[in-house]
Amino acid sequence: MRKIKLALCDDHTLFRVGMATILGQIHDFELILEAGNGQELIDKIARKMPDVVLLDLQMPVMDGTATADYLRENYPLIKIVVLTMHDEDRMVLHLLEKGVSGYLLKDAEAGEVEKAIRKVIDEGVYLNEFVSKAMLRKMTNKPNATKPVNAFYNSKILLSEREKEVLTLICEGLSTNEISEKIFLSPRTVEGHRLRILEKTGTKNTAGMVAYAFKNNLV
């Protein structure tokens, strides 16, 4: 069985040691790279290419936001899961729109970290209850939270009826196969709709697309 290769980027040594111990107990996980800041990660990553980066935000030299930007631009196939103490809704949505695949708080259980890693590998995104609530608060706290008559119309994009349906189900957390079964389309067709929505919204991955949908009152 191919192991999932991981990188851990955090400036707190004790936290890295603890996470390394947890990850090392999972038989198909392999921690191949550790770094104390974003610049150190970038210096090492070309030689040791991980599948998933667990990324802190507040670090010296090069912080997590700048590091995420660099990884999305130069290594788009690497999945990024933010693991931080920052619980501000604005930061959550900002990073999801920038292409981060998951956002966890550091008080998350070890089982959730494992679940998030597997989800971003299998489905490209992990949206937990914390992230979903942040999106909901963003939507409901708008000065004008009432949806327009055509909730899927935005000055930047116009979705077809089928794309609206697929987007709604994606925002509900359904996988491609689950959407396929629910609306009687092949997985390939569902994936085609997803790709077109990504293109129309100008987002980098499913997490960013979902964040965009909530931010622009599309669902």
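Helices and strands are DSSP runs, numbered from the N terminus, and in the predicted model described here serine 101 falls in the loop between α4 and β5, the latter spanning residues 102-105. Apart from neighbours within four places in sequence, serine 101 is in contact with Lys79, Ile80, Val120, Gly124, Val125, Tyr126, Asn205 and Ala207. With one of these residues, asparagine 205, the side chain of serine 101 forms a polar contact of 3.5 Å.

The domain assignment of the chain gives domain 1, covering 4-137, and domain 2, covering 161-216. To the contact between them domain 1 contributes 13 residues and domain 2 contributes 11 residues, while the C-alpha centres of the two domains lie 23 Å apart. The size of an interface is often given as the accessible area lost when the parts come together. Between domain 1 and domain 2 the buried area is about 1,100 Å², and carbon and sulfur atoms give 65% of that area. Three residue pairs are counted in polar contact between domain 1 and domain 2, whereas zero salt bridges are found across this interface.

On the side of domain 1 that touches domain 2, helices α4 (89-97) and α6 (129-140) each supply at least two residues, and α4 gives the most, with three residues. The residues of this side of domain 1 divide into seven nonpolar, two polar and four charged.

Within the region assigned to domain 2 (161-216), helix α8, made up of residues 176-183, holds isoleucine 179. Isoleucine 179 is buried, with a relative accessible area of 1%, and, when residues up to four places away in sequence are not counted, isoleucine 179 touches Val166, Leu169, Ile170, Leu174, Phe184 and Val190. The C-alpha atom of isoleucine 179 is separated by 9.7 Å from that of glutamate 191, a residue 12 places away along the chain. Isoleucine 183 is likewise found in helix α8 and is buried, with a relative accessible area of 9%. Its contacts, leaving aside neighbours within four places in sequence, are with Arg162, Glu165, Val166 and Leu169. For isoleucine 183 and glutamate 165, which are 18 residues apart along the chain, the C-alpha atoms are separated by 8.7 Å.

Phenylalanine 184 is placed in the loop between α8 and α9, the latter comprising residues 187-201. Phi of phenylalanine 184 is near 60 degrees, a positive value in a residue other than glycine, and phenylalanine 184 is exposed, with a relative accessible area of 76%. A positive phi, of about 70 degrees, is also found at valine 61, which is not a glycine. Valine 61 is located in the loop between β3 (52-55) and α3 (64-74), and valine 61 is exposed, with a relative accessible area of 70%.

Side chains of opposite charge can pair when their charged atoms come close. A search of the whole structure finds 15 salt bridges. Among them is a pair formed by the side chains of aspartate 51 and arginine 2, at 2.8 Å from N to O. This pair links distant parts of the chain, with aspartate 51 in the loop between α2 (38-45) and β3 and arginine 2 in the segment before β1 (4-9), 49 residues apart. Aspartate 51 is buried, with a relative accessible area of 15%, whereas arginine 2 counts as exposed at 58% relative accessibility.

A salt bridge is also formed by the side chains of arginine 118 and aspartate 28, at 2.8 Å from N to O. Arginine 118 lies in helix α5 (residues 110-122) and aspartate 28 in the loop between α1 (13-24) and β2 (29-35), so that the pair ties together parts that are 90 residues apart in sequence. Arginine 118 counts as partly exposed at 24% relative accessibility, while aspartate 28, at 8%, counts as buried.

The side chains of lysine 98 and aspartate 69 meet in a further salt bridge, at 2.6 Å from N to O. Here lysine 98 is in the loop between α4 and β5 and aspartate 69 is in helix α3, so distant parts of the chain, 29 residues apart, are linked. Aspartate 69 is partly exposed, with a relative accessible area of 33%. Finally, salt bridges link Asp10, Asp56 and Lys106 in a network.

Definitions and conventions. Residues numbered from 1 in each chain as written. Predicted model: local features only at pLDDT ≥ 70, side-chain atom pairs only at ≥ 80, totals over all residues. Heavy atoms only, no water. Domains from an automatic or database assignment. Contact = heavy atoms within 4.5 Å. Buried area = accessible area lost by both parts, 1.4 Å probe. Salt bridge = Lys/Arg side-chain N within 4 Å of Asp/Glu carboxyl O. Polar contact = N/O pair within 3.5 Å; in protein donor to acceptor, adjacent residues only side chain to side chain. Helix = DSSP H or I, 4+ residues; strand = E, 2+ residues; numbered from the N terminus. Nonpolar A, V, L, I, M, F, W, Y, C, P; charged D, E, K, R; others polar. Buried < 20%, exposed > 50% of the residue type's maximum accessible area, 1.4 Å probe, protein only.
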